[in-house]
Structure formats: C-alpha cells, structure tokens
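Hi everyone, thanks for coming. Let me put the chain up on the screen, and then I'll walk you through a few places in it.

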Amino acid sequence: MDWRIKSLDSILATARHKPLTRSLGAFQLTMLGIGGTIGTGIFVLTATAASKAGPAMMISFIICGVVCLLTALAYSELAAMIPVSGSAYTFSYATFGEVAAWVVGWALVLEYAIASSAVAVGWSGYMVGLANRFFNITIPSTWVHGPFDKDPGLINLPAMFIALAVTTLLVVGTKESARFNSVLVMIKILTLCMFLALALPLIHTANFHPFMPLGFFAHEIPDPFKPGIMASVGVSAAAATIFFAFVGFDAVSTAAEETVNPNRNIPIGLIGALGISTILYMLVGIAATGSVGAQPDSELAKSSEALAYVLHTIGFPWAGNLLSIAAVVALPSVILALMFGQTRIFFVMARDGLLPPVLSRIHSRFHTPYVITIATGVFVAVFSAFFPIDLLADVSNAGTLLAFVAVAIGVLVLRVRDPQRRRPFRAPVVWVTAPLAAAGCGFLFFSLSTLTKELFVGWAIIGLIFYVLYGRTRSNVARGIIGHDEDLDSAEAASLKH
C-alpha cells in the first residue's frame, strides 16, 4: 500500500514557496492560546460539568488539564521542529501518510469550526441575558434558540451574527486580529480575577457534599430535558465534555508559519497558555462550587450564564452584570482563535492539493487566506444558528481527541524515523509522556455519549468519501509535486535537515 508520506523537507519547502507573513511573537501567541482556551468552557460549560459530575467536576478539570499538558509537550516538539501551518494535519502527513493526514484534518474541522459554533452559542446566552437586565429587552426564544435546543426555537440570530463579525475581522488581517485578541484576553483574565476575589471568601464546605453524586466512570441515564435521549454522566463524562474548555492552546501550533522565531516562541505560547488557563479553571471551579453549590439538580447546573449566576446569588449583582458585559465583549476572542486555527489548516490542505486550490488564495491587500476564511465563517454561522452548545462541544471534542492521539503517537514515530533532525524543543521523558497522552485521549473519547460517537463516525465517513472522489487523485503527492525544493539553495536545504 502506498502510504504517500510527505517528507519533512518537502513540507518545509512547500511552505517557503507559498508562505504566510511572519508577524507573531511569544506574547501574542500566548494570548492567542489563552484567547482560544478561556472562554465558553469556563463561562458556560461550568454548568454542564455540574450537571454531569456535581462538585467532582473539579476532578474533571484536573483530568483534562493533565491530558492536555502531556499532549502540549508533544505538540511543542513537533511545532518547533516543523514550523509551518497545519497543526496535527501537517504532523500526520509527515508521520503516517496522506490518508491519515486527511482523516486528522477532517477531524480538525470538528475541533475548530464546530467549537467556534459552540462558543458563538455561549456568547449568545450572555448577550441575551445582558440585553434583558440592562435594557429590559426580551428577545423571543424563537430567535435565540435553534430547533434542537432544550427550549426549541427557530434560529439563534445573535450567535450567527457574532460568527460573521469575527469572520470579517479575520479577513482584514492576522496582526490586527492578534492585537485585538490580546486586549480581549486581558479583559477576560481581569474579570475572572474579580470573580475569584468575590467568590473564594464565601466558600462553604457543605456545598462539596455529596462530592461525587453520579460516580466516576461515564454511564448513560435518560436525559431529563430531552425525552427519548440518553445523557452521559459521571466525572469522566464531564471531563469528556469540558475537554472543550482546554483545547484552544492548539491554535498556537496552527500559527507556526506566521510566527517570528517559531522554534522558541511556539513552545512558550503552547505551554504558557495552557498553564495559565488550567490554574484559572481550577480556582474558578472551586469558587463556584464552594459558594453556591454544584449538584446535578442545582440552579447553577441549569444556568446559561453560570459565573454571572454565581455572583448574583452571593450578593454581588453589579459584579454579575460586569462579568456578563466582559463575557459579551471578550468571548469573541475565542471564536477568533478557533476560526484562525481552522482557516490555517484548510489553507494548508488546499496548498497540498487535497482541497480545491481556490481555497488557498491570499488576499492581495490583507495578505490573508480570505476565501477559506469566508467559507469557514459561513459554516460556523450556520451551525451556531441551529445546534445547542452541549452537542456542539461534545462533537468538537471527538475530533480534537483524535488529532491529539495522532500528535502523541507521531512524536514517537519521528523520534525513531528521524532521530538526527534538529529539535529546538524536546518533550521530556517522551516515551512515558506521549503514551500517557494518547491513553488519556482515548479514555476521554470513549467517555463521550453514544450519540456523539455515532455522529463522529458519520462525519469521518463523509470525509473519506470526499477524499476518494477528490483529494486522492488531485493531491500534490499523487501528482508527483512533492515540494518546491528548487527554490532552496544548498545551504537552506541543509539547515532544514539539521
């Protein structure tokens, strides 16, 4: 069988032939990672975690943080060694071959595009609540809920609006988007610090009992909100859902081709973003649970504005309103980071010939991949308009977990296949950390609901059909276009190898 593995030298040469502009430093990358991580996962999915695990959701946060940290080490090694766009897709092409790369790239659509839709829905919940409290404007549920929500409506217009607004910003430019993102990230961090300062002193130990009301391992019970549908509950089920809250750090690796000194800055951005986000998540989870309680049938578990609800309940309505304003202002940074990652992966897939070449066109004025950015924005807007946040988050996680497994295994394969290649960052104790990362991702995948896994399989089948009909015969590797090494002089070619 022809695995069609694309060599690292060819990948690097192709990127040089049709490059993106390098304009991002370590600080901007860290902010990009935090921007993609701290968002709907903590502002909204805290309630979902409570409904699945109760106070033990804190263990769910720990599980996710550990799995992501182990995976981030593998990401850092590969991204520093292969500083081009594409993330897990590019790494898989160099490690496992074209078919595996396509499957991973197709799965990353779930990670980024569907996750962007989920964040847009979360933003909509805060926006609608804010409009009601500040301006006494009640938007009919028909226009703020999709047909598959717990409270069915027709279409989620606010979610659709914010998705299209972020798309416009991304078309304008990468550097401008990164600057805007950094401002929004600082707003989110300051807001969460305010939440901690008010909620931590009001912790009551009684709110942590019973600590694990629905057990540790994932199991399914009838969904109280959706007759005939089974809901996955338990600590591991909560971890499988809120894993969505951690994966934004992956967006840093997709920006490798637009990073100044990527060998140094990519690892800093990846690990720095994840470390800061994990600490904040743990503290916020403890504060929310200890101050108001987080049992599966609690009001917190039912809220669409979880953290704002906590502040209103403990007697700080002004802070709750301020947090809602910050969420409305800052959550778009998560959509921006995730859509940024999606467009860069599609850009590389089109550059490799697996998608129509028109998708890799660069705007003459803004120097951004505008065709794929617009197409992604429309996709995100449609999904956010019709589907609920919990389903979107779970489906997104399925794609993410597959990509993370590919990265964890890929770093081991390249250690064996290409041991002499220069590695500016080396994952420590890689033969322990990488297998643990892969095992952790597999555990979380099988903790997802049966419906989610069925949807993922269906999505993978659709992707394989598209690959057979289009990419299999039109990819650069299939046509013998392996790279653009003719553009490299001998010194440059040698530097790529060492």
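**A walk through the chain**

Let's start at Pro-210, which sits in the loop between α9 (174-199) and β1 (219-222). Those labels are DSSP runs numbered from the N terminus: helices are H or I with at least four residues, and strands are E with at least two. The bond between His-209 and Pro-210 is a cis peptide, with omega at about -10 degrees.

Before going on, a word on where this comes from. This is a predicted model, where local features need pLDDT of at least 70 and side-chain atom pairs count only at pLDDT 80 or more, while totals for chains, interfaces and linings use all residues. Residues are numbered from 1 along each chain as its sequence is written, and side-chain values use heavy atoms, with hydrogens and water left out.

Okay, the overall picture. The chain has 21 helices and two strands. Of its 498 residues, 61% are buried. Buried means under 20% relative accessible area, exposed means over 50%, and partly exposed is in between, with a 1.4 Å probe and protein chains only. If you take contacts (heavy atoms within 4.5 Å) with a separation of 6 or more, 81% of them are between residues 24 or more positions apart.

Now helix α6, residues 87-95. How many of its residues are buried? Nine of the nine, so α6 is largely enclosed by the rest of the structure. Among them are Tyr-89, Phe-91 and Tyr-93. Just after α6 comes Gly-97, with a positive phi of about 110 degrees.

One is Asn-136, at about 55 degrees, in the loop between α7 and α8. Asn-136 is exposed, at 65% relative accessible area. Then there's Val-429, at about 45 degrees, in the loop between α18 (389-417) and α19 (430-445). Val-429 counts as exposed too, because its relative accessibility is 58%.

Next stop, helix α8, residues 157-172. Its 16 residues reach 23 Å from first C-alpha to last, close to the 22 Å expected at 1.5 Å a residue; that expected span is 1.5 Å times one less than the number of residues. At the start of α8, a side-chain oxygen of Asn-156 comes to within 3.2 Å of the backbone nitrogen of Ala-159. Buried residues in α8 include Ile-162, Val-166 and Leu-170.

Let's zoom in on Thr-167, which is also in α8. Is Thr-167 buried or exposed? It's buried, with a relative accessible area of 6%. The side chain of Thr-167 reaches the backbone oxygen of Ala-163 at 2.8 Å. Leaving out residues up to four places away in sequence, Thr-167 touches Met-339, Thr-373, Ile-374 and Gly-377. Gly-377 is 210 residues away along the chain, yet its C-alpha and that of Thr-167 are separated by 5.3 Å.

Last, the outside. There's a nonpolar patch on the surface with about 1,000 Å² of accessible area together, and its members include Phe-134, Trp-143 and Trp-318. Which helix gives the most to the patch? That's α15, with four residues. Leu-322 is in α15, and this leucine is partly exposed, at 42% relative accessible area. For the terms: patches are made of residues with over 30% relative accessible area and no salt bridge, joining like charges within 9 Å and nonpolar side chains (Val, Leu, Ile, Met, Phe, Trp, Tyr) within 5 Å. A salt bridge is a side-chain nitrogen of Lys or Arg within 4 Å of a carboxyl oxygen of Asp or Glu. Accessible areas come from the Shrake-Rupley method with a 1.4 Å probe, and for residues only the protein chains shown count as cover.

Methods. A polar contact is a pair of N or O atoms within 3.5 Å; within protein, one must be able to donate a hydrogen and the other to accept it, and residues adjacent in sequence count only if both atoms are side-chain atoms.
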